[in-house]
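Q: Can we go through the salt bridges here? Start with the terms, please.
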Amino acid sequence: MASSPPANPVAVVGAGWAGLTAALALARAGQPVHLIEAGRIPGGRARSLELDHTPLDNGQHILVGACQQTLEQIRAVGIDPDSAFHAVPFGLRLFDPDRRPASPAFALEPRSPRLPALATALYRSLPGHATGIRLRALFGAAALLHRPLRHDLPVLDWLQRRHQPEALIERLWDPLCLAVMNTPTRLASARIFQNVLRRALNHGPEAARLLIPARPLGEVFPDAAIRELRARGARVDLGRRITMIQRDATRPDAPYRLHDRQGDTSNARALILATTPTATASLLPADARWGATHQGLKAMGARSICTVYLRYPRRLTDRPPLQGLLGQHGQWLIPRHVAGAPHWLAVVISAADDLEPLTADARWRTVARSLARTFPELGEPAAGHCVCERRATVDARVDLDRHRPPPRTPWPDCYLSGDYLTHALPSTLEAAIQSGLESAHLFLEDHP
């Protein structure tokens, strides 16, 4: 008896962390998968690259221990998170370039992220303030973590209503909100910010640990995911950009036809679009049935993140794993020696769109000058680079959750996937992983 022809695959467009997760979930469930990625390197906005013959990343990412789904997916592809990340206890030390010598302008280093230890650290962080002000700030911080919000509002308004002094907002909450949300406190969603804080700080020291990648991001998940997909028989096309999708309802076995910019086509029985909101919108029909989807995609907005990499003549293995920067062109300093690049420092510039526009060369030189003022012992870098992701995250404004599009679309067996879809989270790897799992599970539910 002749064998039946192989079934048409589920096409997953986009090999970021959401797309990779969706493709893996389907392949592990025995579904034929075709993964298509426009770039030549998998990982999307969290991928590896090479600068000056050194493996680095397109952006410096830091996870927290509460990112359980992300850590589980990393384990599932055979990578041990304990070796893939350098874990440090929750704590923040922020430096001002005008302080001499370079001592922290603000330090929050509780013995445990749980209250009352966290509250005690906050109380001690306000020297010079009257006892009443410090106590109101302390109880307000407790309310931030433990009192649910009925209505969303800007983070800045929320903090002020919870009696957080301007000094604490400027030197703790502003940089922390930028790091978490990539959106300034005057605009950012307090509901989303509170959810992230509660997930990280209300569940003990393990959940609050800061996890700094100890190897290039490609090695942490994307490369291993691609290897497993190929081992399971999935077709993987890297460096192939899909420019148009057609649907033919008369072909139930392969209703989707994908066209790339070289003129080649592929057929699929189902489709998961794991691309950015802008790229997704460009591939979907513009007729009335899709109006709500397009409105949701447009409402996601976009914010950039730039990472400046500086290479110094000497090894910088004596640097702490994370330092905050106040009043500088960038908010966080991470030495790359933990990831095997001991001559390199990374400086993260969140909400880069809000800063003066600079060329890549001018940006890294500006950052280098600020660092030399704050940490004179560094000296001058031998080289620098600036890597900017123009659509790194959604614009995590007030009531963002209300505008997110659903993962199911007007087309049968066509699903959306991406960090922008996950409610109560900003654009993070955890949000991407959760969305990738959801889109795959929706297909499997529809095809038991």
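A: Buried means under 20% relative accessible area, exposed means over 50%, and partly exposed lies in between (1.4 Å probe, protein chains only). The model is predicted: local features need pLDDT of at least 70, side-chain atom pairs count only at pLDDT 80 or more, and totals for chains, interfaces and linings use all residues. Residues are numbered from 1 along each chain as its sequence is written, and side-chain values use heavy atoms, with hydrogens and water left out.

Q: OK. How many salt bridges?
A: The count is 22, taking a side-chain nitrogen of Lys or Arg within 4 Å of a carboxyl oxygen of Asp or Glu.

Q: What does Arg 365 pair with?
A: Asp 361, at 3.0 Å, N to O. Both sit in helix α14 (residues 360-374), four residues apart, about one turn of the helix. Helices (H or I, at least four residues) and strands (E, at least two) are DSSP runs, numbered from the N terminus.

Q: Is Arg 365 buried or partly exposed?
A: Partly exposed, at 40% relative accessibility. Asp 361 is partly exposed too, at 39%.

Q: What about Glu 389, what does that meet?
A: Arg 47, in a salt bridge of 3.2 Å, N to O. This one links distant parts of the chain, 342 residues apart. Glu 389 is in strand β19 (residues 383-393), while Arg 47 is in the loop between β2 (33-37) and β3 (48-51).

Q: Why does Glu 389 count as buried?
A: Because its relative accessibility is 15%. Arg 47 has 26%, so Arg 47 counts as partly exposed.

Q: New topic. Which residues are linked in a network?
A: Arg 235, Asp 237, Arg 240 and Asp 260, through salt bridges.
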